[in-house]
Structures are given as structure tokens and as C-alpha cells.
Amino acid sequence: MTEDSLLVQRMANGDERALGELYDRHGRVMYTLAYAIVGERADAEEVVVDTFGQAWRGAAQFDPGRGSVGAWLSTIARTRSLDLVRARGRRARVLERAAVFVNDDTAPPNPADRGVERNEASSAVRRGLVALPTAQRQAIELAYFGGLSQSEIAAKLGEPLGTIKTRIRDGMKKLRELFTKEGVR
Amino acid sequence: MSGHEQLDQAAAYALGALDAAERAAFEAHLVTCAECRAEVQAFRETAAQLVAGAGGATPSDDLRERVLAEARRVQPIRTARRFSAAWLAAAAGFVLALLLGSAWWRERGERRELATRVAEQDQLLTSLLAPDVSVANLAASGRPPSARLFWDAKRLRVVVAVFNLPPAAAGRTYQLWAIAKGQAPVSVGTFNTSADGTVRTVFPAPPGVAFDLTAVTEEPAGGSPQPTQNPFLVGPLGLRSE
């Protein structure tokens, strides 16, 4: 059992300190994910509070056999971020930002991005993303951060649906191989 | 990677990028296909790494405490001693309606929306059942419509239930106002009723709001900075919070 899943197990028993430790390990990444989707500090923080709240309440249902704690938290945070964006009717704006984001090889402009230490794993991931053909990366990021389906992406980019499907599949396979090789997980 | 064509959809599924019909078909397939389940799991891990491409961002220092405070808040609902039997019956009816609503959503298979609705309803119930919440009954002169407002000053939420109010015409909306003595009305938010003339909704309270009266007007879509007509629903706030 990983350290993370032990924490979740302790949370299921009502151990609040375990929740604090889980936050220390994943809070910043979840905030970054939420911020990338919702684009506002206050909303991103609300998503983080909700995400860890849901993890706290759902800790007993977490099954380490079905994936890592990080992937579990990310799924919650992404879903809640997209819900918030939709509830606020801000989808168009978010897509605009996602489009800027994918056209740029660097991180999105982010006033909060100061004094951040990137660990080895995340720079490996960044190298992988940069190495990916731009078109594949764009399709993947529009889906993940923009919440678009493949046909919505095809319509937005004016490309055939089959092309988008291929880009997503090939791009994700490439990333997966790369992350495995780099020992990201 | 040999195998069946569904396997090709695993990456898109893990990214949340399948269209609704494709997703339903793929999920049906997942139930019986361990190979696709493993594939989805692996791609979910890949997807969770994508955030590294979004650069780092630093949350406020107090976020950790907010996360812990939220967890402490989640505990069994205490007995609402200050509520009369009639209130409890009304609340029970409300809960039943919410549960039926939830069941309907679940049947739609829209788990994501269900989660959002449950969270909203959590908020709504917390505010309805809080012992220190202020209540206003908004009445029109003569017949219905009517409305009831709950002001949860501690959690900065305003819950409103409206009855017998036909939906606003196209291009129009209803707007809820908070009015403190001797001050200009402050907009709490806009809403519209459904075809059956009711709506229940939760508004985050505008910063620093305080009010003695609450009122509803009809305004152009998007709402107005100040009311453009006399309110057709007005009520004083009772049971002031501490």
C-alpha cells in the first residue's frame, strides 16, 4: 500500500490529521489543476475545498486497486472545476483561455506562478508534453482542461472527427509510454 | 496492441472526451471487459499528470485550514430543537422532494450533475436547518405568488423558495433584493421559475450585505443595478441572527 492510500485509509477512520497530510501532498497540484480550468483564484480555492471535502466523505469508498490517490483526487477536482465553469456560464471564456494555453509552449500566464518548485517528476512530464506534436497536445488539453468532447474539438478546430480521435489516442499513448519510461509513476 | 475496437476509445474516455452516446456504449462494454478497464485506469493516471503542463500555482496560505474546517463541518445533523413540528414536517417534505429529485437525476445516468446537485442541496439543507437562520415570508397584495427566504448569515447564503409565480417572459428575469433601512437595495441575484411556477435556489450573499426587508422585482434579462419597478413581492426579515 502506498503512503497516499494509507492516508486515505486513516481518513476513512475519521483521522483529520491524515486529511491535512493529504492536503500537504496534493493541495498545490489540485489547486493548479482547478486554476487551469476555472481561471480564478477564489473559484479554484473553492474547488480545492470541495475536492478534499469529497475525498474526506468518500474515503471509505476509495479502492487502491483501481488507481492512485492522485488520479482519484484529480478526477474529482477536474469534474468539480468543469461543473463550476458550466454553472457560472463561463465556458466560452475558459475555452478561449485553453486555446491560448495550447498554442504556447510555455505555461499559461499565471500571476500566482511564483516561487514554485517543480519536482523531478513534473519536469519529466513537461518535457513529455513539449515533445508531443502540437496538434496532439492541443486536442488532449482541450479535452482535459476545456471539458470538450472529441466532436466538439473537431468542430472547434474545423478538423474531421476521425483526425481528432487519432490525435487523442496517439498522443495519450505516447505520453503514457513516456511517463512510464521516465518513472513518473 | 491487438484486440477490439473499443480499446481505442479508452484514452478518450479517460480524458472525458467521448460524446454522451459513445460514453454510454463504452461504459456498458467496460462492465464486461477487464482489458479495457485496465486500459482506462492506466490512461487516467496519464491524464492526472497533464496538470504538470499547466505550470504551478500557489493557493492562499489559509486554504489548508479551510479544507480542514470543511471536514470538521461534516458531521451528523444535530437536533433542530428550535424548530416546531410543522417546520420539521415541512423540512421532511423538502428532503423527500430532494431525494426524489436525486433519484431522477441518477436515472438520467448523469453522475456528474448529480454530484453537483447533491452538493447544492447539502448547502440548502444546512441553511434551512441551521438554528440561527433568519426567515422572511414574501407576500403579494392579494393572491399568490408568494416566496420564503432563508438568510443564513453565518454561511453567507440566501435560500429562496418561490411559489405560484409564472416564468418571466423571454428577455425578462426576476431579481431578488436585500434592503437595509435607509439604504439602496442590493441585488442578491436573478432567477426564473420553472413551468410549474416554482423555484428553489441558493445564492451566495453579496459581500457585506445586511437587510431588514427583502423584495422581488421583474427586470430585463441579466438583472438591473437597481430595481426599475416597484417590487411585487416584499417581506420583512424575522428571527434575526445573533
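Between chain A and chain B of this predicted model, 17 residue pairs, both members at pLDDT 80 or more, are in polar contact, a term that stands for a pair of N or O atoms within 3.5 Å, where within protein one must be able to donate a hydrogen and the other to accept it, and where residues adjacent in sequence count only if both atoms are side-chain atoms. The elements giving two or more residues to the side of chain A that touches chain B are α2 (16-38), α3 (41-58), α4 (69-87), α6 (120-131), α7 (134-144), α8 (150-157) and α9 (161-181) of chain A, and of these α2(A) gives the most, with 12 residues. By class, that side of chain A has 28 nonpolar, 14 polar and 23 charged residues, with Ala, Val, Leu, Ile, Met, Phe, Trp, Tyr, Cys and Pro counted as nonpolar, Asp, Glu, Lys and Arg as charged, and the others, Gly among them, as polar.

The rule for salt bridges (a side-chain nitrogen of Lys or Arg within 4 Å of a carboxyl oxygen of Asp or Glu) finds 6 across the interface of chain A and chain B. One of them joins A:Glu16 to B:Arg72, whose closest N and O atoms are 2.8 Å apart.

In area, chain A and chain B bury about 5,000 Å² between them, 60% of it on carbon and sulfur atoms, buried area being the accessible area (1.4 Å probe) that two parts lose on being put together, summed over both. On the side of chain A, the residues that lose the most area to chain B are A:Tyr23, A:Met172 and A:Arg176, which together make up 13% of what that side buries. The contact, defined by heavy atoms within 4.5 Å, takes 65 residues from chain A and 43 residues from chain B.

Chain A itself holds 9 helices and 0 strands, where helices (H or I, at least four residues) and strands (E, at least two) are DSSP runs numbered from the N terminus. Of its 185 residues, 51% count as buried, that is, under 20% relative accessible area with a 1.4 Å probe and protein chains only.

In chain B, strand β3 (residues 157-163) has 6 of its 7 residues buried. Strand β2 (residues 146-152) of chain B pairs with β3(B) in the antiparallel sense over 7 bridges, pairing requiring at least two DSSP bridges between two strands, and B:Trp151 has B:Val158 as its bridge partner in β3(B). The two strands form a hairpin with 4 residues between them, and B:Leu156 in the turn has a positive phi of about 55 degrees. β3(B) also pairs in the antiparallel sense with strand β6 (residues 199-204) of chain B, over 6 bridges, and B:Val162 is there bridged to B:Val199.

Residues are numbered from 1 along each chain as its sequence is written, while chains are lettered from A and ligands numbered from 1 in the order in which they are written. Local features need pLDDT of at least 70 and side-chain atom pairs count only at pLDDT 80 or more, whereas totals for chains, interfaces and linings use all residues, and side-chain values use heavy atoms, with hydrogens and water left out.

Terms used: Buried < 20%, exposed > 50% of the residue type's maximum accessible area, 1.4 Å probe, protein only.
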